[in-house]
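Subject: Structure for you to look at

Hi,

Here is the structure I promised to pass on.

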Amino acid sequence: MRVFAASLAVAGLASYASGHRVSDPSVRQRKSLGFGPVLKHAVYRASPYQVATHNFKRMAEDTDPFLVAQSFIEDILGNRNDASSYRIRRDSYTDPNTGITHVYVRQLINGFEVADGDMNINVKDGMILSYGNSFYPGSAPGQLTETPLGDDLVHPHQEFCDGLTEEMELRYDAFLQNQGEQVVMGDDSPAPVPDHALRQLTHVHHSNCRHQQLPLTMAAQAPNTLDLDLRSALLQFMVAATPSDHVANDILGNYDAHLSNMVEYVENHFAPSEESTHILVHNVPDTVNPVKATLAYVQVPTKDDSVRLNLVWKFEVEMQDNWYEAAVSAFPPHRIVSVVDWASDAAVPVPVPTPEKTASYNVFAWGVNDPSEGERSIEKENFDALASPIGWHSLPYANDPSLKGTKLATKEVLRNTTTTWGNNVFAQENWEGQNAYVENYRPDAGAGKSFDYAYSPKVTDKADALEEAQKFINATVAQLFYTNNMIHDLYYRYGFDEISGNFQQYNFGRGGAGNDAVIANAQDGSGYNNANFMTPPDGQNGRMRMYLWNTALPYRDGDFEAGIVIHEYSHGLSTRLTGGPLNSGCLPFGESGGMGEGWGDFLATTIRSNENYSDYAMGSWAANRVQGIRNYPYSLNDTINPSTYKTLDKPGYFGVHAIGEVWAEILWHVSQGLIAKHGFSASLYPPQPLEDGTVPEGDFYRPRSGKKALVPKHGNTLAVQLVFNGMKLQPCRPGFFEARDAIILADQQLTGGENFCTLWKGFAAKGLGPDANVVLRTPWGGGVRTDDFEMPLACGEAAEI
Ligand SMILES: *[C@@H]1O[C@H](CO)[C@@H](O)[C@H](O)[C@H]1NC(C)=O
Ligand SMILES: *[C@@H]1O[C@H](CO)[C@@H](O)[C@H](O)[C@H]1NC(C)=O
Ligand SMILES: *[C@@H]1O[C@H](CO)[C@@H](O)[C@H](O)[C@H]1NC(C)=O
Ligand SMILES: *[C@@H]1O[C@H](CO)[C@@H](O)[C@H](O)[C@H]1NC(C)=O
């Protein structure tokens, strides 16, 4: 949950648990900040005919797609002055299946990045299929001039308050109270803080509309040297960001000591790097790694409805429970302009052998959502030969973090393990809830690799319930490892591969950044009754934390509920696919943050469903509630799930989980429409490749001719494919409309648009028809929405769909 919604990719699973004060002191809620300005000038043009309004002309089919993109960008930018330029980001890629090249572009002004100046351009056959653009439209300011905050600048929060009716304001207050546990620092009465410090904190703690004030600076007297400004900007951010009263008080009480204790190093690259040079700041309180700092611009809305650039320090702050990307004004007063919580990432090819002996696991098999649905069984290490060519229990020595710094006496390239440690996933116990994971316990099944462990927790007293759950850590970790690898392989086959930013230590020379397997912590001690996932940019490990649920005796272990694991992993998927693998800030808050939750629910529900239609609730087993942890089960019956697009206007729908639930329900309707039309495939897994590496069509794909893309034949598999392709096509910070249009474009590209009316029918069933509309949008998803239940005219009334 976030305050003003920012781009959190540490996304917790549950929202209902945080809506009330929890009396059990061992239940800890993760604090998370997140907000940023809404850019009214950002556009997404989702079809080629909308793109054609520019001078840009379609180029020859075989033109290098990057040249096409470049010529298009230059057409859009026109005669901008020299201070404004752009950089095509190195995480741009061509999707091998669809042949679409996704080009990601970052705006530069005076040589600094504009942190929220993004373009994503989708190119195929010399043509621009669609693009998004949030470049700063104004002229560049003078070189490195101070841009102090004038009165004309609108605080993101202020802008929000200005658009409120009295009724909405009341709801906003209620919202803040609900968020209290997370916004306010902890539940215990804080130790007294000095007066000036209290004033500083006011904007964080009591930023409701009636007490609106801009943060005061503590370091108003700070000498105007940039490096001191950097440190004081960072310290002030840490005061707001730390979940610990103790740390906040310590920073405020010993401010100068902290300032002088922090040390900066410039990170020098051996080879010229296209990325901006980072400054690394060491000894920053409450961080677990040095903070990366870069100067950048961000766009800040002004009262006259235009935008202005503000020079900021962009910080990447890795903490125990959060991984923030924050923008703080470079010059005093150091205001936090935006915060994103990443928490809810060309190798030399090596020969790829097939594992000699595969492992087996005693687990709830894929498709069994949780222990209420079936028994455990012995399942093979049924790895997919395309997705995991060396199996699940092997990785190159060079990419093994447990061997960092050790000198190896072996000439072997691959290390084979007999534990839950492999190229895609590191699964382990994390009872202490800390960051370290390499030395944590994981079961060792020995040479036979048979992960067959007992699972028979007894009913105990509450006092002994934790200890009882911990007895089955072997079974739990094995399950978590198995489920994560199954997800990795499945998602790979629908296009979440190396170049699009997936999670692997070694990338087999297939592009993208490696050294980013998922760190999957079972029975993580940092909380109860929830789960979360942190998604830093490609090349840095994702981290999944699964919790125990104290909702029943014996405790229920979230590791055994596949839907929760799938939901969490899907945060990694949607964050990496939206806006490019190196931009983790594209699903920050509001509708985009909400859809980040919704895709996880949709995929979890799709994976568990079978040929016989059924409604499903999320998290029912773990939460020990039939209706699950959302407001409604996913259902085609409007009495059972009445959500429509307009539902987002309701009280209680400011949080990303509630928004996500509406999105997942809409996707459920869309996918059921595709199933009605194309039938149902019992397995979501495509066939294994033949020996020559080609993929046979089997009964899974449509027969294909020539180089055409592989198109899943059945409704459920096609729905998953369109959802993945849509994520790649949609812009950074999409809303529901952009994500819908991207799915329709994905179908246009994959099937020639044969499901145009089927897709619209699904969207329109829940109010997201072509004339659905929102006005007075706010930074975290508020606004006034209108449903549209009609299909486009082209589909007609009784159109055959
Ligand atoms: C690991 O297994 C592969 C087969 O998958 C084999 O080629 C390699 O030699 C093994 N490595 C070691 C160190 O035993
Ligand atoms: C877990 O499995 C190991 C063997 O891999 C065994 O030695 C150990 O006793 C098991 N732990 C528990 C708690 O059952
Ligand atoms: C679906 O329902 C039919 C008829 O009741 C039954 O035979 C079949 O086993 C069911 N399929 C699944 C996967 O449960
Ligand atoms: C929808 O659900 C309601 C409430 O459970 C039920 O009364 C009604 O019959 C259902 N409608 C259909 C079409 O199944």
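Below is what turned up, taken topic by topic.

Please keep in mind that this is a predicted model.

**Salt bridges**

Let me start with charged pairs. Side chains of opposite charge can pair when their charged atoms come close. In this structure there are 23 salt bridges.

Is Glu-113 buried or exposed? Glu-113 counts as buried, because its relative accessibility is 8% and buried means under 20%. Arg-87, with 11% relative accessibility, counts as buried too.

Glu-113 has another partner as well: it forms a salt bridge with Arg-106, where the closest N and O atoms are 2.8 Å apart. Arg-106 has a relative accessibility of 7%, so this residue also counts as buried.

These residues belong to a wider set. Arg-87, Arg-89, Asp-91, Arg-106, Glu-113, Asp-118 and Arg-733 are linked in a network of salt bridges.

One more pair deserves a visit. Which residue forms a salt bridge with Asp-95? The partner is Lys-728, and the closest N and O atoms of the pair are 2.6 Å apart. Asp-95 has a relative accessibility of 3% and counts as buried, and Lys-728, at 1%, counts as buried as well.

**Ligand 1**

Next, please turn to the ligands. The residues around ligand 1 are Pro-353, Thr-354, Pro-355, Glu-356, Tyr-397, Glu-412, Leu-414 and Asn-416. Sorted by class, that shell has four nonpolar, two polar and two charged residues.

- Glu-412: an N or O atom in its side chain is 2.8 Å from an oxygen atom of ligand 1.
- Asn-416: an N or O atom in its side chain is 2.3 Å from an oxygen atom of ligand 1.
- Leu-414: a polar backbone atom is 3.3 Å from a nitrogen atom of ligand 1.

How much of ligand 1 does the protein cover? On its own, ligand 1 has 370 Å² of accessible area, and the protein covers 70% of this.

**Ligand 4**

Around ligand 4 you will find Asn-637, Thr-639 and Ile-640. An N or O atom in the side chain of Asn-637 is 2.3 Å from an oxygen atom of this ligand. Ligand 4 exposes 360 Å² when taken alone, and the protein buries 25% of that.

**A patch on the surface**

Finally, there is a nonpolar patch on the surface, formed by Val-775, Leu-776 and Val-784, which together have about 240 Å² of accessible area. Where does Leu-776 sit? Leu-776 is in the loop between strand 25 (773–775) and strand 26 (784–786). Its relative accessible area is 54%, so Leu-776 is exposed, given that exposed means over 50%.

I hope this helps you find your way around. Enjoy exploring!

Best wishes

Technical notes:
Residues are numbered from 1 along each chain as its sequence is written. Chains are lettered from A and ligands numbered from 1 in the order in which they are written. This is a predicted model: local features need pLDDT of at least 70, side-chain atom pairs count only at pLDDT 80 or more; totals for chains, interfaces and linings use all residues. Side-chain values use heavy atoms; hydrogens and water are left out. Patches are made of residues with over 30% relative accessible area and no salt bridge: like charges are joined within 9 Å, nonpolar side chains (Val, Leu, Ile, Met, Phe, Trp, Tyr) within 5 Å. Accessible areas come from the Shrake-Rupley method with a 1.4 Å probe; for residues, only the protein chains shown count as cover. A salt bridge is a side-chain nitrogen of Lys or Arg within 4 Å of a carboxyl oxygen of Asp or Glu. Helices (H or I, at least four residues) and strands (E, at least two) are DSSP runs, numbered from the N terminus. Buried means under 20% relative accessible area, exposed over 50%, partly exposed in between (1.4 Å probe, protein chains only). A residue is near a molecule or strand if one of its heavy atoms lies within 4 Å of it. A polar contact is a pair of N or O atoms within 3.5 Å; within protein, one must be able to donate a hydrogen and the other to accept it, and residues adjacent in sequence count only if both atoms are side-chain atoms. Ala, Val, Leu, Ile, Met, Phe, Trp, Tyr, Cys and Pro count as nonpolar, Asp, Glu, Lys and Arg as charged, and the others, Gly among them, as polar.
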